[in-house]
Structures are given as structure tokens and as C-alpha cells.
Amino acid sequence: MAELIKVVVDAMGGDYAPQEPVKAAVDAIKERKDISVILAGQEDKIKKELEKYQDYPKDRLQIAPASEVIETAEPPVFAIRKKKDSSIVVGLNLVKRKEADAFVSSGSTGAVLVGGQVLVGRAKGVERPPLAPLIPTMDGVSLLIDCGANVDARPSHLVQFAKMGAIYMEEVVGIKNPRVAIVNNGAEEEKGNALVKETFPLLKQTEGINFIGSIEARDIPAGYADVIVCEAFVGNVILKLYEGLGTALIKKIKEGLMSTARSKIGALLVKPALKETMKSFDATEYGGAPLLGLKGLVVKTHGSAAAVEIKNAIFQCVQFKQQKVNEKIAEHLQPLAAQEDSHEK
């Protein structure tokens, strides 16, 4: 029998909690037999939602009671310290104590980031854990790293992001020798701000990654690189523009197809192919953004995530656990940490 992967889902996190997280949990355990889900949150509200569902394997779904909720506007450090019975803190502590393999939340990004580092803890050798979502491209997907965790990153952080991203793409997505590029405002090596200029030569010298140089934002959707390296401010802007432009294009295409009688007839003919194409460019199909470099697995989904995105994030955790990505990241970064310790001594 396959190993049962235990995933904690923050039932109180996100714009549509607890409805969507609970639905995602039920759908996940119905679709796959190798998953067990723990719903962390206010027990009465979770049980009320679960009353909507009858035909699911109840032995693979538990509730971890948590009376408090961390709101999006709350200061993350303060919230993690003061709301010890919140769904985020309870869920992360289950991962910390090895009572669960992973934690998925659509709640406060800041609280998840702070809690992940403070409660679950960084793996040895990791300077800053980055958020790394998969984004759709013409060739499949690319990993955008970092998209929101480290706004004021240093060159050494970006080098680690490149290494972690390459491991993730090879082990989880299955891309051999993934192409790594740094986001820049031109293809030439001398271009860029101070951070990019300082990081570029370090990436060129880094062994174990397939560094191909700079990538301009317009080339990201074309799939020119498999790992897109940047600090969190740039990464978050890229991600939000990606999502907003995708939504706008889909809306305009639908409007165009419904504008005349002739276009409506054409729409019926192209609908199957168009639906499949749109699905491939839907970010929710790829789950959430893992916070890489921790001692346990933490995945952040959009605050507006519906059940399908949360469910896919749960499935993402299974693959991540099975491929032992955290262990492989630590394995690659620990020798460097040992070298730095010896230099300091």
C-alpha cells in the first residue's frame, strides 16, 4: 500500500473560507487514496460545512480545533506570537512536530511566511526561504522564484533561489538540467540594477545549475527559461501582471466570440480547443506556491483560491513529499553552510 501523505489545510484562511478549503479537502481524499487531510480551524464551522458531503472516506479526514483566525491586515509577527490557537499556528505546529507532512493555506501571506520560518524552521544552510509558484508558458511551466517572501534580497539569496529552483524543477516537474535565468531589463550582462549586476557573475560561477543569463519579462511567457530568478518585489509584480493580463485576455476573447451571430457559430467550433488552451494557462491548475528551504512543506495559495486550486496544492504536496525535495535542497546547501562556518572560525 502507498504511503499515506498527511496534509493540513487551513480551513479558516482565504476569502471563501471555510467553504472552499473544506470542499477541497473532501474532493482531494475522494480522488486519491494516498492522502489524509487535517482541517485546522473552528470546529463548529468545519463540521457544518462537512454536513454538505456524505460520500467521502471519513477515516481520512480529521479536524484540528483552532479557535482563532489571523486576518489579512494583522501584523504577521504579532499575529503569530499572540494568536497561538489560530488555524495557521495550529497547522504549522503539526508540521513542526512531524504529525503532518505539509501545510496548505489561503490565509495571510505574511503570517504564513513568518510562521513557516519561526515555527517550522529553515533547513540548515538556507538563508531566506522563497515563495516559488509555477507559472504557465508556451512550453509548459516555469518556476518564478521569489514572488513574495524576500523583497530586500541580497545576491547570495538569489544564488540560493536559483539552486533551490533548479532542484524543484528537476525533481518535481521532471525537467532535466533546467534552464536558469535572472530577470533583467535587457539581455546584456552589463544591464540591470545593482542587485542584478552583482548577482549575474555569481550565477555564472555557480556549479550545478544551467545558468543561461538574463531574461526580459516579455520572454517569460514564451518559456525561454525554466527557473526565473528575481527578488520578491519584481517577482510579485510579474505574477500579478501575469494573472491580471490572463483574466483580461480571456474576457476579451469571450466578448469577441459572442459579438455577432457569425462569431457565435465559430465559437461553437473552436470551443473544445479553446477550453483546453485556456486551461493550460490557468495558474490554479498548478496548485500553490511552496515556501522552499524549510524543514517541512508549507504551500501558500491565493487568498481568492477556490476549491480546485487548494485541491491541486494538496496534490502538489504529495509529489513534493514523495520526491523528498526538502531533503535534497538541504543536502545541496548544507556543504556550503559548513564551508562558511569553517571560514568564520
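**Figure 1. Placement of Thr 199 in helix H7 of the predicted model.** Helix H7 comprises residues 194-205, and Thr 199 lies within this helix. The relative accessible area of Thr 199 is 0%; because this value falls under 20%, the residue is classed as buried.

**Figure 2. Surroundings of the Thr 199 side chain.** A polar atom of the Thr 199 side chain lies 2.7 Å from the backbone oxygen of Leu 195. When neighbours within four places in sequence are set aside, the residues in contact with Thr 199 are Pro 155, Leu 158, Val 159 and Ile 182. Helix H6 spans residues 155-173, and strand E7 spans residues 179-183.

**Figure 3. Pairing of strands E7 and E9.** Strand E7 (residues 179-183) and strand E9 (residues 227-229) run parallel and are joined by three bridges. Within this pairing, Ala 181 has Ile 228 of E9 as its bridge partner.

**Figure 4. The open sheet of five strands.** The strands follow the order E5-E6-E9-E7-E8, and their pairing is mixed. Strand E5 (134-137) and strand E8 (210-215) form the edges, each pairing on one side only. From one strand to the next, the twist averages 30 degrees.

**Figure 5. Helix H6 across the sheet strands.** Helix H6 (residues 155-173) lies across E5, E6, E7 and E9. Strand E6 covers residues 140-145, and helix H6 runs at about 150 degrees to this strand.

Methods: Residues are numbered from 1 along each chain as its sequence is written. This is a predicted model: local features need pLDDT of at least 70, side-chain atom pairs count only at pLDDT 80 or more; totals for chains, interfaces and linings use all residues. Side-chain values use heavy atoms; hydrogens and water are left out. Two strands pair if DSSP finds at least two bridges between them. Helices (H or I, at least four residues) and strands (E, at least two) are DSSP runs, numbered from the N terminus. Axes are lines fitted to C-alpha atoms, for helices over the stretch in contact, and angles run from 0 to 180 degrees between N-to-C directions. Contact means heavy atoms within 4.5 Å. Buried means under 20% relative accessible area, exposed over 50%, partly exposed in between (1.4 Å probe, protein chains only). A polar contact is a pair of N or O atoms within 3.5 Å; within protein, one must be able to donate a hydrogen and the other to accept it, and residues adjacent in sequence count only if both atoms are side-chain atoms.
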